[in-house]
Amino acid sequence: MIPKRHTLVLSALLLSLLFLPRCRKAELHRVSNLNGNRIEVVGHGGIGFQSLNIQLPHNSFTSVMKTIEAYQADGVEIDVQLSRDNVLFMYHDRLLESMTDCFECVNNSMSAELLLCRFRNDFYVNVFTEELLTPLERAMERFASRTHPPKVFLDLKTFEPCDEEMDYADFRRRMADAVHD
């Protein structure tokens, strides 16, 4: 036999369930947006930031390609920085040592030096990959050969140059020219 106060609580719970709004599946065919009412999937820095489930470094060539080719995303957002000799590289942080085995600012390094920078193999992520910094042009060439190229969103990292003698306005102009080219 159930005590009377438990019966009252149980009755109140059942009644509240009857009057609560029910959850429903979103009707995706009724989307209204500025993208022709379509929802698209865009990878952030490729397949995302490193974790136990994501072994690839974000903004690495393999991460960006896997997003488009394996996961068939509609597009990808890539962080981009300019080398000292005006080559755009896929990389997020200001300092190379935060994620690679190199030490310096990206905008203070020549492209030949950046091509040798290897993403660090950390204890819990990126253990089985050997990813190097990659120029943006390599990814764009690969995308251009596709019948349906993905949408590419560039996050231009215009950090203040590490070289104090470098003119910041000139640096931003060079970056704009490199993106345009």
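I started at Cys162, which is partly exposed, with a relative accessible area of 25% (buried means under 20%, exposed over 50%, partly exposed in between, with a 1.4 Å probe and protein chains only). This is a predicted model, where local features need pLDDT of at least 70, side-chain atom pairs count only at pLDDT 80 or more, and totals for chains, interfaces and linings use all residues. Residues are numbered from 1 along each chain as its sequence is written, and side-chain values use heavy atoms, with hydrogens and water left out.

Next I looked up the partner of Cys162: a disulfide joins Cys105 to Cys162, S to S 1.5 Å (a disulfide is a pair of cysteine sulfur atoms within 2.5 Å). The torsion about this S-S bond is about -55°, so the disulfide is left-handed. Cys105 is buried, at 2% relative accessible area.

How many disulfides does the structure hold? I found two. The other joins Cys102 to Cys117, S to S 2.2 Å. The link of Cys102 and Cys117 is left-handed too, with -115° about the S-S bond, and both cysteines are buried. Counting bonded cysteines along the chain, I read the pattern as 1-3, 2-4.

Then I turned to the largest nonpolar core, which has 18 residues (a core is a set of buried Ala, Val, Leu, Ile, Met, Phe, Trp, Tyr and Cys residues joined through side-chain atoms within 4.5 Å). Val64, Ile78, Leu88, Met90 and Phe143 touch the most other members. Apart from this core I noted another, of 10 residues, with Cys102 among them.
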